Each structure stands twice: as structure tokens, then as C-alpha cells.
Amino acid sequence: MSTFRLSAQLAAHEADVRDVSFPTPDLVLSASRDHTVRAWSRAAASLPTFEPHVVSQGSEFINSLACLPPSAGFPKGLVVSAGTDSIIDVRSAAASASDNAERLLVGHAQNVCALAVVPGSKFIVSGSWDSTARVWSVGKWETEVVLEDHEGAVWDVLPLSETLIITGCADKKIRVFDLRKAVAGAAQPRSTIYSPDVVRALCEVPKGHPSGADIASASNDGIIRLWKLSGQQVGELRGHTSFIYSLASLPSGELVSSGEDRTVRIWRGSECVQTITHPAISVWSVAACPANGDIVSGASDGTVRIFSRSEDRLASPDVLAHFEESVKSSSIPQQQVGGVNKEKLPGPEFLKTKSGTKEGQVQMIKEDDGSVTAHQWSTGQQQWINVGTVVDAVGSSGRKVEYNGQSYDYVFDVAIEEGQPSLKLPYNLSENPYARAQKFIDDNELSQNFLDQVAQFIVSNTQGATIGQDSEPSAGPDPSGPEPETTGSKILPVRDYLDITGAKYEPMFKKILSVNSALIAAGRKDIALNPSAQNGLDILRQTLESNRPVTDELTITLVVMMCTQWDYADRVAPLDLLRCIATSTATAKFRSPGEISPIRIAISAALDDVPDGSQPNENCTMMALRTIANLFKTAEGRKLTAQPAEASAAITFIGRVVGIRGQPAIGPFNRNLLLALTTVAINYAVLGSKQLGSISTDNQIRLASALALVLQKQTDSEVIYRALVAVGTLIGVIGKAAPEARSMSSSIKSAKDRISEARVQSIANECLSLLT
């Protein structure tokens, strides 16, 4: 199949093009931060030429776009757009900026960042920073259903049918909604898929794709993940080096993506088959024309670009040459390519004698004049393409500033709340201000409302001097806890206990107080928190936020009461609180009436009182496992977890979760739950390794059996890695000659065959070497 080449460059916008649509071969739509939506109509010319006109002119950023197909009432179709003013604008594609909108849809409270048309064109769906998605009726122009349960910005929406809507959220979850289950105009998710990172973009995977996936998601970590709607991850597409902002499927069955690494990438099966580098900082959006398979991109340089595989629709040789030269002459920040040792780089002759090993591979070259250029391998053209000159930006002082062990051009003090300490905002001139602002928000768990404000602060304080972008994906605190140490040296047996302590206290305590208000309103004062208890809860929050240990037994009693006496559906937030205080010695020492330990309290809260006909709640189960993991943080907690009866209870709980003895597994594809489970397994393996005899032979065998199931069934690389760390450490406890240890060999090999990631291969080999 031929490669995509430039067909047309459409320049009229005066700021970033944030969203694009390509509904027909003769019409392209674009939305921009210059407050406009433009329609580009193909002109009758021998070369691809599009004439623009402004469809909509607002007063704030326009960030999302969709197009309703032509109808009897609107033969040109309807353009739907929205942005930071939170109002959805609906108007004819033939309208001009001075025309009134057909409808203005009011309902969202914050920036509307996603729009899509539901199959059948009777509804549209929107996603917003206000943590909701909304389904709107076409014709009545009213909200039909509010899609609830999100805990962050809804970055993308994907309607798969008239009744099935998928949402991607900043809380790292993909939710599946069945509109037929809506009650009183609101819908809760039918199921939830747990992603390792913020979900930025979604698309439907074409039927017949080799992975068998239903949908694809893209994240800040630069990885495209392929999912079944059941929640099972069936593949990963790796190639992007920074945030991925947009995904689409092609009529050919391929996928296309765009992102912060200034590229559009074409994916066939699991391989990247083409990389199209843009002369811009970010490629915000990409869309495909369903009729002819051409693609359109919108970028930070305000330009809309169309690419085609058809020779009949290619741009003129002059336009093609100008585009290639603009990519070649663009500046690439050194941060994007890492440390560059000029003395060890090959010269230009390398490009003539060596071929690349994969599409998109980047090679640095030391030119004869001493400069460093970057060249990207094109599989389709079988040659190296010059994609720019590597530069090293410095701030106005000419000197870098150290922060957290890294060098930056600037480190700002940003005051978010009056009376609160300022937050540090590091920034390099080579970064996209919006990407750095997003990372600042993620790292400090701030509201998405601050995004534009922080980005504009950066621009105004650096005179807008940006020359490229950073390849570092948004990190933020990992809710799954630290990873086991990964180095090139021998890892097993691990000797350190892991905990999962990252927490968002604001939504946790807000939920607890909301449930408590409902209990008071229902007259259930026996289990509601009285004013004194609520005051104790405030003190507990201050203690946790200041990173101090909990010492008050009355406060622990209060948390345990909520975990065990509140209705089962209301226990997630109290269990989250229990796992936060599990790192304190006082919690490990605590016993409820009947000498019930925190381990048994957590397990009971997760498994008892489940409504008839239902499975145990996945989030309750996850929080119970996190509680057990965190008890290993203190000496008193390790003393508790080592007690034979307590260890037996915890390991039996692990077996119940993975579905040993024919029981249905709890959250079989819930990544966060499985990471908590494998973390507990690591901690028990470490305990057994450090204190020989502390874990009985029976418990060792039962733990190994549970881990074998994880290795046989799971596909997430981090889950598999942690399970292998636990298995490898446990082999040293059981003894490599024991039949139970040797029986793990097939499960280890099975996991190794499924996960190609280098660290998984390395730890699997180390586990297997222990058995020889």
C-alpha cells in the first residue's frame, strides 16, 4: 500500500487548530483557538484546492467539533462546535459568522472538549471538564441523558451505536454506558475499563483487526492500547514519544494517531507503517474521510493539512518541496531526544550506508559544520528523512535552573490558593506551554479549570518563546504505588516492601460527607457521623495531608465503623480512607470488638453484605487489598501480617479475587485491582524471604497458585511484571526443587510469550533461571 503524502495545506487560522473533521471529500471543518470554526470547500481545480469561509466566530477558544450529515432541513449538514465558554453551537455548514446559530445548547459547566455524532444522527454526545458527558437529541436540542460517575475531565466520547457510548476520562478510566439503562435522565456506566494513564482519545477499531479489539485508547504516556469491551487489553501500539491527542480509524482497517511529538502515525495491525512529521509543536487532531481514506490534521502552527495516498490528489511539486523543507528546517529541542554526545555521533555518511530497523526510528547525525540534525527512517520510502536541527534552549538568564534533579530554563512559584504555599512550576523553552501546564495540573492534582490560566502564565512570563516540545509524558503520582526496582542487574529476590499511598483527599472526603448527609436525611443517625465525629474527620484529613501518622484510636474506630456498617454501595470512600491510615502503627495495633484485625476488617468490608445476585464491588476489593499492602509499611504492621491466621486470611482473599476453586474472579481485567493484588503478593514473598518460616508451606503454595492464574490470564505488562517479581522471590522461599516451584515454569513461560516488553522478558528469564 502506498504512503500518505501532502495533498493540501490550508492556512487561514491565526492560532492552534484544535479539532478537525473530514465528512466528505469536498468538505473539511476546523476549530481553532482563534475563536473560529472554518469550513473548507474543495474548488474545481486540477490540483487539490480548498476555499475557506468562517462558519462561526466566538469570543473564546473553540476546542471540539462534529458534523451532522445533510438532511431535508439542512441540505449542507450542521456543524456542531464548542469550547471554553461551555456552550455548544449548532449551525448550518453554509452559515457565515454573522448568522445566528440554529441552536445553542446549554448544560455543561466547563470547557467542552469532545463532540461526536451518535450513529443514526438522532443524537450528539459531548464530553466536558465538568466531569460529565451529555447525550443531546437532534431536533428537540435537549439533554436526553447525563453520563455520570466520572472523576475528572471527560477528554473524549465514542458512540458505538444508538445505545452504546464510551467515554475516556482524566481519571484513567474508560467507561461503557448503555443508554437503555438510564434512569430519570442519568446513566451510570455498565462497565469500567482501567487504563494505566489519563485517557486522551478513543476510536473504534475496525472489524477484522488482527488484535480482535473493539476500541483503542491513547494516553499521555504515548501508548495506544487496544481493548475488548469486556475490559481485556489485547494489544499496545508503541511509537509516539509524548502525549497522544487524537485517534481515528481508516476505511483501510488501519488506525491513525497524532500527538505532542509533532507526528501523525499510521498503524497497520500492531506496526507503525508511516510517520508524518509536522513543522509544528503539536498535532492536536487527526480525522479520516470515510469516502476516500484521505486524512486531515490540525496543528499548533494554525495550519490544516490534508494527506492522501492517491497520486491524483497530491499537492504540486513546489508545495511538496516546501513542506519537506519546512520540516527539515524546524528546530527540535534537545530535551526531546535526550542527552546528545556530539563526539560519538556518526557523520552524514551513515545515512548512505545504514538502513533503519523500524518506521519512525530517529538517528542523530553530526554535520560537517558541527550542528546536530535528526533523521527519521521511512519504511515506505526506504530512506532517512531530515526532520530538523537539534537545538538547546536556554532561558533569559542564559543559565539552567535545577529542580528535582533536572535542569530547566525557568522554575516559577505559582500561588493557586491564597494563604497556601506556592507550587513549583518548572518549564523549558522547548516545551509546549499547554503540555507543561497539563503536567503541572496532573502532578499537583489541580482542577482542569486552571489549564488555560497556567498556560497563559507561562507564555506571558517567557515572552511566548517556544521552539519545540518536551517528549516527557505527564507523570503525576501513580495511584498504584512505586514499581519494583528495574535495573540491568539481578533483581531477585526483592528485599523491599511496597505500598500504595498516593491519594486524592478532596473527592474522598467529599464523598464521605455526601453519604453522611444522606444518612442524616434518612433518619439513620445510628450510623451517621455526629458533629463531633465530623470534626474528628476534619482533623484526620489535616493529619493525612500533612503526612503525619494517625495516632487517635477513636478516629480509627470511626473509619472502621463506616467501612463495616455503612451500606455496601457506600463503602468505597471509607475503605480508601482505611488504606490511607493503614501505614500508621496505631492502625496495625487496632482491634475492633472481638479482636478483629485491620486485615479482616478490610476483607469483611469488601466481601460481606454484597446484595443478592451481585458480585463483590471491584473498587471495594481493590481498596481492601491496598489496605493489606500498606500494613507492611510499619514494623507493627509486618508483625500483624506475619501472624499465621492473618496471613492465611489475606492469601485466601487473594485466591478469592483471582477465582480459585471455581469461584468467579472479581474484576478479572481491573488493572488497579490486579496491581494491588500483586503488590500484596510481593510483600508476602518478601516477608517469607526475610523471615524464614514466617509464611507456612500451605500459604506459600496457595499464593503461588494464585500468581500462576495471574500469569496465565493477564496481558497488562505492569501486572505481569509484579506477579513475576512475587513469583521469583517466592521460588527462593519454597525452594527450586519443590514440585510447587517447578510447576510455575509453564505459567512464567506463558507470560513471557505474551509480553514482549524488555523488563518483563528479563525478569521472566531470571525466574526461569532460578528453576534450573
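Here are a few friendly notes on a helix pair, a sheet and the cavities in this predicted model.

1. **Two helices side by side.** Start with helix α14, which covers residues 644–658, and helix α15, which covers residues 671–690. They pack at an angle of about 145°, and their axes lie 11 Å apart. If you look at how they cross, the crossing of α14 and α15 is left-handed.

2. **Who touches whom.** From α14, the contact uses Glu646, Ala647, Ala650, Ile654, Val657 and Val658. On the α15 side, Leu673, Leu677, Val680 and Tyr684 take part. Sorted by class, this contact of α14 with α15 has 9 nonpolar residues, 1 charged residue and no polar ones.

3. **A four-stranded sheet.** Next, find the open sheet of 4 strands, ordered β14-β15-β16-β18 with antiparallel pairing. Its edge strands are β14 (154–159) and β18 (191–194), each of which pairs on one side only. From one strand to the next, the twist averages 20°.

4. **A closer look at one pairing.** Strand β16 (residues 173–178) runs antiparallel to β18, and 4 bridges join the two.

5. **Empty space inside.** Rolling a probe the size of a water molecule over the atoms shows where empty space is left. Here the count comes to 2 cavities of 30 Å³ or more. The largest cavity has a volume of about 90 Å³. It is lined by 13 residues, and the closest to its centre are Gly231, Gln233, Phe669, Gln714 and Asp716. By class, the lining of the largest cavity has 6 polar, 5 nonpolar and 2 charged residues.

Note on methods. Residues are numbered from 1 along each chain as its sequence is written. This is a predicted model: local features need pLDDT of at least 70, side-chain atom pairs count only at pLDDT 80 or more; totals for chains, interfaces and linings use all residues. Side-chain values use heavy atoms; hydrogens and water are left out. Axes are lines fitted to C-alpha atoms, for helices over the stretch in contact, and angles run from 0 to 180 degrees between N-to-C directions. A crossing is left-handed if the near helix is turned anticlockwise from the far one by less than a right angle, and right-handed if clockwise. Contact means heavy atoms within 4.5 Å. Ala, Val, Leu, Ile, Met, Phe, Trp, Tyr, Cys and Pro count as nonpolar, Asp, Glu, Lys and Arg as charged, and the others, Gly among them, as polar. Two strands pair if DSSP finds at least two bridges between them. On a 1 Å grid over the protein atoms alone, a cavity is a set of points where a 1.4 Å probe fits but cannot get out, and a pocket is an open set with protein on both sides within 12 Å along at least five of seven lines; lining residues have an atom within 4 Å of a point. Grid points are joined across faces, edges and corners, and a volume is the space filled by probe spheres set on the points.
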